[in-house]
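The sequence and the model are shown first.

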Amino acid sequence: MPNYRLVTRRRTLCMGLASLTTIKAVEIAKIEQQNRQIQMLDNPTRDFKILGKKTLRERALDKGLFFGSASGEDKLSPDTAFATRFTKECNILVPEGALKWNALRPAPNKFDFSEGDWLVKFAHTHGMLFRGHTLVWHYALPKWFKEIVNPQNAEKFFTEHIATVTKHYAGQMHSWDVVNEAIEPDDGRSDGLRNKNTPWFEFLGPDYIELAFRVAAEADPKALLVYNEAGLEYDIPTHEARRSAVLKLLERLKSKGTPIHALGIQSHLAGDETHFNPKKLQKFLNDVASLGLKILITELDVKDQRLPVDPTVRDHIIAAAYEDYLSVVLDEPAVIAVLTWGLSDRYSWLSIYSPRSDGALVRPLPLDVNLKPKLAWNAIARAFDKSPKH
Ligand code: XIL
């Protein structure tokens, strides 16, 4: 008598193996297709020639624009070669971490402005504007936060933090990212607001955004107040949903008379992303501008995690992403500034947050690790040179 259990088990195993093989084949085909697309991104004949010897800040200024970058005292103070280059290229400095809650708030009743104060002095000594990032974010909160902040005291912590920090730098700030990354359509609300893992929404409800802008405006009436958001750049469903939610949020804020002056588009681009749609991006920028808002590109860099390892090929693809993106962006008259998230590959958050699996160094920024301009630098320079006057 056959052992039916064994036969059934064997059949299930075979069927399982067969479907596994199919899944594997589909996966391989997908990867091959992606690789072909990536190869197509590289057009070795495209050149990134530049004219003249002007720095990025000079080229930006020629068009009535600002160029800047994010950094910290831990780099600008000890690394004088980097600091010198930074002051040559940039006319805006934004603290990469110094003004986040986890840096500013060592304890519930303490503020530590030491790094921020060092940076604002450094910026002004070198003729750069200073930009604040960021007053309200669900991320980078101090360790004590979870234990101490609750629905009863959240509003007090929130308003006190915003008022104290904006007052401290009042008159010295070009602009403030008042609220960062409040949109997450995946969380399932019809207005697209992030409502998971965010104490601000959980404790204060959706009106926390408006409240933040009002408190900031009262404490520093001179700074440009910015709403800053990620994941808005490409023609993919998630970005489409985020663009639409951001527009609705901005419309709501404007219709309530909220003191908001600009949208910050983070612009962490991906070198292997093939869904760049100039028309859709243009339309979005135009819609934002028609609300009477300015636009800043606040955290530009190009992830190269999945690009071919050859630096020549990689740099070509990265430069093309920079130039294609900025050419569209700078055509919009409401744009006032372009900031990269770091200036040199010597210091990029992506080496930690988006490293390459082959261990090769990431190359997402305008200068290489030796502070030498790469094609990405040329691409930014070319975009400024081609830009209409702002
Ligand atoms: C990043 C910094 O670069 C890292 O050094 C830090 O540890 C985490 O935050 N969007 C933002 C920035 O608004 O604040 C983030 O900066 C990058 C993504």
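**Domains**

The model is predicted. Its protein chain is split into domain 1, residues 1-41, and domain 2, residues 52-386. Between the C-alpha centres of these two domains there is a distance of 43 Å.

Pro44 is found in the loop between α1 (4-41) and α2 (56-62). With a relative accessibility of 60%, Pro44 counts as exposed. Along the chain, Pro44 and His316 are 272 residues apart, yet their C-alpha atoms are separated by 7.2 Å.

**The largest pocket**

The largest pocket holds about 1000 Å³ of space. Its lining is made up of 48 residues, and those nearest the pocket centre are His268, Glu299, Trp341, Trp349 and Tyr353. Several helices and strands each supply at least two lining residues: α3 (73-76), α5 (101-104), α11 (237-255), β7 (268-270), β8 (294-303) and α14 (350-353). Sorted by class, the lining of this pocket contains 14 nonpolar, 16 polar and 18 charged residues.

**Enclosed cavities**

Searching the whole structure gives two cavities of 30 Å³ or more. The table sets out their volumes and the classes of their lining residues.

| Cavity | Volume | Lining by class |
|---|---|---|
| Largest cavity | about 40 Å³ | six nonpolar, three polar, two charged |
| Second largest cavity | about 30 Å³ | six nonpolar, one polar, one charged |

The largest cavity is lined by Val136, Trp137, His138, Val179, Asn180, Glu181, Ala182, Arg194, Thr198, Trp200 and Tyr208. Around the second largest cavity stand Lys100, Trp101, Thr134, Val136, Trp137, Tyr139, Ala140 and Leu141.

Is Asn180 buried or exposed? Asn180 counts as buried because its relative accessible area is 3%, and the limit for buried is under 20%.

Which residues does Asn180 touch, apart from its neighbours within four places in sequence? They are His133, Thr134, Val136, Trp137, Asn228 and Gln266. With Gln266 there is also a polar contact between the two side chains, at 3.1 Å.

Two of the residues in contact with Asn180, His133 and Thr134, are joined to each other by a cis peptide bond with omega of about -5 degrees.

Ala140 has a phi near 55 degrees, which is a positive value in a residue other than glycine.

The loop between α14 and α15 (375-386) contains Leu371. Leu371 is buried as well, because its relative accessible area is 10%, against a limit of under 20%.

Technical notes
Residues numbered from 1 in each chain as written. Predicted model: local features only at pLDDT ≥ 70, side-chain atom pairs only at ≥ 80, totals over all residues. Heavy atoms only, no water. Domains from an automatic or database assignment. Buried < 20%, exposed > 50% of the residue type's maximum accessible area, 1.4 Å probe, protein only. Polar contact = N/O pair within 3.5 Å; in protein donor to acceptor, adjacent residues only side chain to side chain. Contact = heavy atoms within 4.5 Å. 1 Å grid on protein atoms, 1.4 Å probe; cavity = no way out; pocket = protein on both sides within 12 Å on 5 of 7 lines; lining within 4 Å. Points joined across faces, edges and corners; volume = space filled by probe spheres on them. Helix = DSSP H or I, 4+ residues; strand = E, 2+ residues; numbered from the N terminus. Nonpolar A, V, L, I, M, F, W, Y, C, P; charged D, E, K, R; others polar.
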